[in-house]
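This report is written for a reader new to the structure shown below. It treats the sheets, the aromatic residues and the surroundings of the DNA in turn.

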Protein chains: 2
Amino acid sequence: MTTNRKLDDAARAAWLYYVAGNTQDQIATKLGVSRQSAQRLVSLAVAEGLVKVRIDHPIANCLDLARQLVARFGLTYCDVAPTDPEATSSTIGIAELGAAEMERWLRRSEPIVIAIGTGRSLRAAVEQLPRIDCPQHKVVSLTGNISPDGSAAFYNVIFSMTDRITARAFPMPLPVIASSAEERDMLRAQPMIRRTVEMASRADVAFVGIGELDDDAPLVMDGFLTPGDVARLREAGAVGEIFGWAFDAEGKLAGSINERVASSPIPDVGRTSVIAIAKGPRKLPGIAAAIRGHLVNGLITDEATAQALLNQE
Amino acid sequence: MTTNRKLDDAARAAWLYYVAGNTQDQIATKLGVSRQSAQRLVSLAVAEGLVKVRIDHPIANCLDLARQLVARFGLTYCDVAPTDPEATSSTIGIAELGAAEMERWLRRSEPIVIAIGTGRSLRAAVEQLPRIDCPQHKVVSLTGNISPDGSAAFYNVIFSMTDRITARAFPMPLPVIASSAEERDMLRAQPMIRRTVEMASRADVAFVGIGELDDDAPLVMDGFLTPGDVARLREAGAVGEIFGWAFDAEGKLAGSINERVASSPIPDVGRTSVIAIAKGPRKLPGIAAAIRGHLVNGLITDEATAQALLNQE
DNA sequence: TAAGCTCATGAGCAATTACTCATCATCGGA
DNA sequence: TCCGATGATGAGTAATTGCTCATGAGCTTA
């Protein structure tokens with residue numbers, strides 16, 4: 001509980017600093033601590049993600065790019081974050097927008113089913129979520145959460161999500177990619193898995209990441225594929241993957257690995273809002289293919305990526 | 001249009017600053033302006049209200065309510081604890097805050113006089129106090145500590161306080177309410193009592209509880225009043241009491257019982273910080289009256305009560 | 001065209017914030 | 001009990017930010 005007490009003070013200090021506009025000296029006086037401690041409390045609050053800053057202004061260029069993407073690729077939803085050309089984080093900007101969009105869905109009073117894929121951007125977005133009490137909703141994982149070594153896969157985000165929101169959660173106790181097509185079929189046949197897959201197919205909204213197929217692709221990092229597997233996928237024309245499903249430049253599933261993918265199928269954009277969260281030049285081919293092939297009908301990306309998508313062909 | 005363009009830049013600068021974490025120097029470089037201009041853009045964005053900061057912690061709402069109460073009722077101090085809807089204790093939260101505020105006063109190096117009233121919340125707050133060595137201060141009781149049966153009144157807290165802190169203590173060897181106005185006057189005339197009352201009137205800070213006037217009011221429980229007395233007080237318009245002094249909805253002393261109250265007068269808020277510690281729906285009318293009538297100028301309560309106070313009228 | 005006005009700009013400086021380091025207390029395990 | 005690890009603290013200092021002021025460009029008006 002000592003941590004709780006500390007976070008309390010941190011939140012208080014952050015409130016006094018950011019909301020009430022006190023200097024850290026004033027905060028120190030009010031809280032009866034030294035100036036340095038006040039500073040530490042404020043930065044603790046920031047580090048813990050207690051402080052959420054939102055810029056309430058649709059930057060014209062971003063809005064414009066989003067509009068163009070919607071028109072050009074028949075999207076139903078698109079949001080574009082400003083690009084910081086030298087930002088070190090690969091998720092900055094899109095994480096905040098992703099969290100905002102998730103929050104809009106979660107705030108709905110009528111019960112909905114939210115499906116969640118995998119990926120670093122998605123994880124970053126979920127970590128930006130505030131606490132929301134929404135027991136009416138269900139959150140269902142689109143993909144397994146078991147690493148080849150038996151541990152929980154790092155980029156599986158459903159547990160991070162249920163840390164913050166009080167919805168019913170349906171994880172998938174599976175690997176992302178099984179060792180063979182037969183094993184995949186056997187796993188899928190389990191009644192509990194079947195029900196989860198079924199529920200995912202009827203989700204109202206799905207948030208997914210898009211993975212590149214480099215040698216340091218997330219699926220390789222997590223140990224599901226070897227660099228050789230990825231090379232064969234590329235030879236088969238694959239340019240990206242969405243929770244394991246590899247697809248080619250037209251957005252058609254490609255490569256024999258797909259026979260071993262144990263994830264739910266990608267929900268149908270006719271029934272579900274499938275929203276991709278991804279940015280960056282390395283993911284560009286995958287993003288382009290996914291929106292061109294209508295694997296997804298929503299996109300959250302950044303200015304540079306949006307511009308690149310529009311410059312293509 | 002020029003304003004629009006400017007706001008756009010301001011939003012972008014603010015985004016780079018608050019979300020992406022750039023320094024204003026970096027922003028200046030990226031936007032191709034001078035550092036000073038970058039600073040101006042950021043502060044313009046703030047001034048225009050483009051920047052919304054949210055503290056994602058229960059404490060945030062509390063601080064906000066506290067600020068509203070201060071503004072609405074002209075308080076000099078207010079603190080609001082989070083409400084735990086299923087807490088069984090009637091003092092949880094406010095006890096900790098009360099103790100924290102007491103501690104802030106006690107930690108001062110210059111000698112002060114601290115006056116203490118009565119009540120369960122106050123007792124709970126004192127029990128949260130750490131041991132503090134502060135022989136420079138004086139603690140003076142605002143009210144008697146003798147029950148009608150001659151024992152020490154349970155809710156008198158000055159001894160609990162001096163168990164923990166090494167300050168000079170000035171209790172009041174009196175009942176809270178005398179059996180007649182004459183007896184009250186006689187008791188008050190004793191030189192020692194006179195000095196104590198005099199000291200209390202010059203206290204720097206006073207911590208008081210607010211009692212409700214139900215049939216199980218603390219004054220009834222302690223045997224000072226009969227349920228009939230309380231009913232008559234209510235008929236006279238009284239809605240609450242502070243160490244014996246009953247007052248009506250405007251915060252004016254009300255009811256003939258006040259002629260028999262042997263406690264010190266409630267210190268003047270012009271000279272003393274009079275801080276009430278109270279929460280709960282049953283005490284709500286009393287709290288509202290006390291702050292509206294400026295019997296107190298400080299309040300420690302919980303979220304639910306704070307909200308209810310603000311919702312009134 | 002010149003005077004007067006507004007407003008943007010950058011220099012310089014003061015205030016504020018962030019970081020580093022040395023010290024000290026606390027705590028769990030040998 | 002001692003020891004090392006961990007974490008909290010305050011001093012000192014570097015980095016960053018906010019403010020003021022003088023300058024000058026651009027624009028309006030006499």
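In chain B, 7 strands make up an open sheet with parallel pairing, and their order is S2-S10-S9-S6-S3-S4-S5. Its edges are formed by strand S2 (77-81) and strand S5 (168-170) of chain B, each of which pairs on one side only. From one strand to the next, the twist averages 15 degrees. The model is predicted: local features need pLDDT of at least 70 and side-chain atom pairs count only at pLDDT 80 or more, whereas totals for chains, interfaces and linings use all residues; side-chain values use heavy atoms, with hydrogens and water left out. Residues are numbered from 1 along each chain as its sequence is written, while chains are lettered from A and ligands numbered from 1 in the order in which they are written.

Some terms apply to the sheets throughout. Helices (H or I, at least four residues) and strands (E, at least two) are DSSP runs, numbered from the N terminus. Two strands pair if DSSP finds at least two bridges between them.

Ile116(B) stands opposite Phe207(B) in S6(B).

Chain A also has an open sheet of 7 strands, with parallel pairing and the order S2-S10-S9-S6-S3-S4-S5. Strand S2 (77-81) and strand S5 (168-170) of chain A are at the edges with a single partner strand each, so one side of each is left without a neighbour in the sheet. The twist in this sheet averages 15 degrees from one strand to the next.

Of the 5 residues of S2(A), 4 are buried; buried means under 20% relative accessible area, exposed over 50%, and partly exposed in between (1.4 Å probe, protein chains only). S10(A), at residues 298-302, also pairs with strand S9 (residues 273-277) of chain A, in the parallel sense over 3 bridges. There, Ile275(A) stands opposite Gly298(A).

Tyr17(B) and Tyr18(B) form an edge-to-face pair with 4.9 Å from centre to centre and 80 degrees between the planes. Tyr17(A) is partly exposed at 30% relative accessibility, and Tyr18(A) is partly exposed at 28%. In chain B, Tyr17(B) is partly exposed at 30% and Tyr18(B) is partly exposed at 27%.

A residue is near a strand if one of its heavy atoms lies within 4 Å of it. The residues around DNA strand C include Tyr17(A), Gln39(A) and Gln36(B). Sugar and phosphate account for 48% of the atoms of DNA strand C that come within 4 Å of the protein. DNA strand D has among its surrounding residues Gln36(A), Tyr17(B) and Arg40(B), and 47% of its atoms within 4 Å of the protein belong to sugar or phosphate, the rest to bases.

The table lists polar contacts, which are pairs of N or O atoms within 3.5 Å; within protein, one must be able to donate a hydrogen and the other to accept it, and residues adjacent in sequence count only if both atoms are side-chain atoms.

| Side chain | DNA atom | Distance |
|---|---|---|
| Tyr17(A) | phosphate oxygen, DNA strand C | 3.3 Å |
| Gln39(A) | phosphate oxygen, DNA strand C | 3.0 Å |
| Gln36(B) | base nitrogen, DNA strand C | 2.4 Å |
| Gln36(A) | base nitrogen, DNA strand D | 2.5 Å |
| Tyr17(B) | phosphate oxygen, DNA strand D | 3.3 Å |
| Arg40(B) | base oxygen, DNA strand D | 3.5 Å |

Which element gives the largest share of the surface near DNA strand C? It is H3(B), with 4 residues. For DNA strand D, H3 of chain A and H3 of chain B each supply at least two residues of the nearby surface.

Note on methods
Axes are lines fitted to C-alpha atoms, for helices over the stretch in contact, and angles run from 0 to 180 degrees between N-to-C directions. Rings of Phe, Tyr and Trp (its six-membered ring) pair if their centres lie within 6.5 Å; planes under 30 degrees apart count as stacked, over 60 as edge-to-face and the rest as tilted.
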